Amino acid sequence: MNWTDGGSQCAFESPKGEAPAWALPQSQRERSSVGRTLVTIVDDDESVRESLPDLVRELGFAALAFSSAEEFLASETAYGTKCLIVDVVMPGMTGPELQQELKLRRRNIPIVFITAQTSENIRARMLEQGAVDCLIKPFSDIALLDAVNSALRTN
Amino acid sequence: MNTPGTSITDRPIDDSVSGDSAPLEAILCEEDFRRRASRGPNYERETRALVKLMGALADSPSTVLQTLADTILEITDSDSAGLSLLTKDGKTPHVDGKRFFWPAIAGMWNPHVGGGTPRDFGPCGDVLDRNSTMLFTHWEKRYPYLGCATPLAEEGLLVPFYVEGKAVGTIWAIMHSDRRKFDAEDDRVMASLGKFASSAYQALMHIEDLKFQVAEREKAEAEVRELACGLEAKVRRLVEANVVGIAMFTLEGAIVEANDAFLNMVQHSRDDLTSGRVRWTDLTPPEWHNRDERGIEELKATGAFLPYEKEFFRKDGSRVPILLGGTFFEGSGNEGVAFILDLSLQKQTEAELQRSEDFLAEGQRLGQMGCFSWHVANDEIRGSEQFYRIFDFEAGALITPELIRTRVHPDDLTLYEKMVVQVRTGNHHFEWQYRLLMLDQSIKYLQAVAHATLDQNGQLEYMAMVQDVTARHLSDEALEKARTDLAHVARAMSLGSLAASIAHEINQPLSGIVTNANTCQRMLSAATPNIEGALETVRRTIRDANRASDVIRRLRLLFTKGTAATESVDLNETAEEVVSLLRSELQRNRVVVQLELTGDLPSVVGDRVQLQQVVLNLVRNGSDAMAIVNDRPRRLVIRTERDDGQRVRLSVEDAGVGFEPQAAERLFESFYTTKKDGMGIGLSVSGSIIESHQGRLWAELNEGSGATFSFSLPCMREKEIENEDVLAVSRIDSGDEIV
């Protein structure tokens, strides 16, 4: 397990209602994430892994961050994820490849892509391939909340 | 004749004739001669002398004249005796001679043999004029030159001498003292001897003539014999040597006899020949029958036919090209002998020669190359077909240096004249480039190479090659222009795609800033503000803002500082910048970049943007080369290190598909590319950039997979470093790893 929690509290919602021992956060904060919906972020950019989980938590969700698709797939905590926020371009497995992989594993987690690429049609392409949304960096907290809510509605 | 007496004849007549010389009568003693008492005839002695003379005539005709002189001396009991014969050349008797000469003399005047007297001024001439015997006394009184003929003549008796009725000389007897005087008996004996001498001389001439004829005939016969013998031997040798085919034929078509050479040529055995199975009519392919008929007509008309080329069938049905010539046997109207030469080899050689000539002509045509020779002594210039075409000369036109001059571009005339001077002074080898101005005002660029040789007479001759390099020249120009244009395009293009990278690079920190700011806002606006969390987001916001400004700083360096032609460039920095600029692209291509940068690397001097472009190019190429690699990490190592001899080296090592070893040289050529969508200008432009920095760019295949492209540049010298305005750019280290 090699994700970074950026020093923030890491919370999750276990499908069985209890957190596995290895997933427990290292430091305890006032606000518990128990009972919150788990939103997982996969991005190779460290600054995103630092900042985005905090915002997601401020929006009222539990958040986990992974630096690569491979790490996420190996973690097993993905099973509790209700919404996946994934960077499109990453070394190794890319965002769309992760999407394919999850489909193969019959894990239908709604995905919101995020990307710094400015190309016009990338959003359309991602939506076409079954993404709930595709946010172009930089994006606002409102846009993020809308996208996550849309994702959760598809569940 | 080197006898003392020859002096008489050697002396010119004019010296001898003087105005006061004595009249003819003064030296004649005819009255006295008739009155003198005559001695009795001595027939016995006379007969003995004549027999001796006849014997001499029979035995040794060559000495008969001397025998005659001896006989006269003996019979007349004189002191000297001899004969004078008319001659033209002083030696050979001739009836129209202008002088008398003395072929034989007996007695005291014997030393004067070979001498003689003038036809019209001397005693002999007087005798022929009067056509009678004459008795002279002291003839030197009238003919002073005879004063030299010693001893002097007291009396001289001269009798005319005829051959075939024509007076050709005299016989004579001389008394040098008054021991005795000539009388009528001497006159009679001399007349008789004269007649004998005449017939003897005539016989002698006849014999000589016969001898000559016999000799001539013998000689001719010998020659004929020798010729016949030699000819026969030659013919036999020719037949047996089997160098040429020889066959005896009849007009009906039979081949009666033939040598092995002929049989080999048509692949028939001697048995085939002797059994009559080999017929020239059967050997001849149908299309040659007409030609044979013409040959036979010629043979019938002239007895021989001139050689012509035709074909014969071999026994196996293949054909052999031959040269055929022949003749009838002497006196035969039906049989003859023919010689047959096998032309296979010659035809083959001809074909080969033709082929190589064709190749040469084709090569010259394709290469726009013309050959010509220039014989300097007589300005004889011979050119190949392509030479005429290049200069647009009419086919077969006589080429002179002046004619060539009419085609030379006016601006290059001086050059041309210099060239002609060089030719005349016999420079060994030279090359020029000059232009032609054609009649249609088009310009041709020529390159000429000439090499001096000596012809078979040892005279100076040039073999030269002239090539129309117009197309090359124009394409060189065009290529140069295209290269310049493309360098601009390439630069613009890489800047264009850089813009996308840059946007990406700026959007990343911007995204962090926005996210952190949003988070901060939410943390602070909560019922219980999360001050600690807000401070954290603000810290990250500042960091991301610095990152963004760092990207912008690099960008400014790239675009504004870039135009400076020479500045200090740190290749480590360049490598980092490029990787940073290409980050998203490399990520997209899933390339793992590994920077192995040597610390305290000396700077180089150069154009920052250009060098950056080179590194950018190499990194992109490396990344592209790994696009289809899936069985191993797409690892790209960028390495900087010190190189030998005050140089630094930057290499980009990929794990891609590499390149064909034989393509190594072409990699840096313009428009050479192994990429499907590449234009093939990147490496070429990179190469020229590195070259303009006094550096070297090269490619190597890795031991494992992929290739390494490296360039090496000279370090900045210490002096330059001292003078350098160190760029006061404060780098804000973002602290993050570049992956």
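# Tour of a predicted two-chain model

**Stop 1**

Select helix 19 of chain B, residues 571-581. Helix 19 lies across strand 18, strand 20 (635-643) and strand 21 of chain B. It runs at about 170° to strand 18 of chain B. Helices here are DSSP runs of H or I with at least four residues, strands are runs of E with at least two, and both are numbered from the N terminus. Two residues are in contact if their C-beta atoms, placed from the backbone, lie within 7 Å. Axes are lines fitted to C-alpha atoms (for helices, over the stretch in contact), and angles between N-to-C directions run from 0 to 180 degrees.

Residues are numbered from 1 along each chain as its sequence is written, while chains are lettered from A and ligands numbered from 1 in the order in which they are written. This is a predicted model: local features need pLDDT of at least 70, side-chain atom pairs count only at pLDDT 80 or more, and totals for chains, interfaces and linings use all residues.

**Stop 2: the mixed sheet**

Which order do its strands take? The order is 18-20-21-23-22 in chain B, an open sheet of 5 strands with mixed pairing. Strands pair if DSSP finds at least two bridges between them. Strand 18 (592-597) and strand 22 (696-701) of chain B stand at the edges; each has a single partner strand, so one side of each is left without a neighbour in the sheet. Neighbouring strands are turned by 15° against each other on average, direction ignored.

Step across the sheet:

- Strands 18 and 20 of chain B run parallel, joined by 6 bridges. Find Leu597(B): it stands opposite Thr640(B) in strand 20.
- Strands 20 and 21 of chain B are antiparallel, over 7 bridges. Asp643(B) has Arg647(B) of strand 21 as its bridge partner. Their hairpin has 3 residues between the strands, and Gly645(B) takes a positive phi near 65° there.
- Strand 21 (647-653) and strand 23 (707-714) of chain B are antiparallel, over 7 bridges. Arg647(B) has Pro714(B) of strand 23 as its bridge partner.

**Stop 3: the antiparallel sheet**

Move to another open sheet in chain B, with 5 strands in the order 13-12-16-15-14 and antiparallel pairing. Strand 13 (380-383) and strand 14 (429-437) of chain B are the edge strands, each pairing on one side only. The twist averages 25° from one strand to the next.

Zoom in on strand 12 (369-375) and strand 13 of chain B, which pair in the antiparallel sense over 4 bridges. Ser373(B) has Arg382(B) of strand 13 as its bridge partner.

**Stop 4: where the chains meet**

Display both chains. How many residues of chain B are in contact with chain A? There are 28, in contact with 21 residues of chain A. Helix 17 (470-525), helix 18 (531-559) and helix 20 (583-588) of chain B are the elements giving two or more residues to this side. Helix 17 of chain B gives the most, with 17 residues. By class, the chain B side has 9 nonpolar, 13 polar and 6 charged residues. (Ala, Val, Leu, Ile, Met, Phe, Trp, Tyr, Cys and Pro count as nonpolar, Asp, Glu, Lys and Arg as charged, and the others, Gly among them, as polar.)

**Stop 5: backbone details**

Most residues other than glycine have a negative phi, and most peptide bonds are trans. Now pick some exceptions.

- Arg590(B) has a positive phi of about 55°. It is found in the loop between helix 20 and strand 18 of chain B. Arg590(B) is partly exposed, with 19 other C-beta atoms within 10 Å. (Buried means 20 or more other C-beta atoms within 10 Å, exposed 12 or fewer, partly exposed in between, with C-beta atoms placed from the backbone.)
- Asn131(B) also has a positive phi of about 55°. It lies in the loop between helix 7 (123-130) and strand 4 of chain B. Asn131(B) is exposed, with 9 other C-beta atoms within 10 Å.
- Thr150(B) and Pro151(B) are joined by a cis peptide bond, omega about -10°. Pro151(B) is in the loop between strand 4 (134-136) and strand 5 (155-163) of chain B.
- Lys137(A) to Pro138(A) is a cis peptide bond, with omega near -5°. Pro138(A) is in the loop between strand 5 (133-136) and helix 5 (141-154) of chain A.
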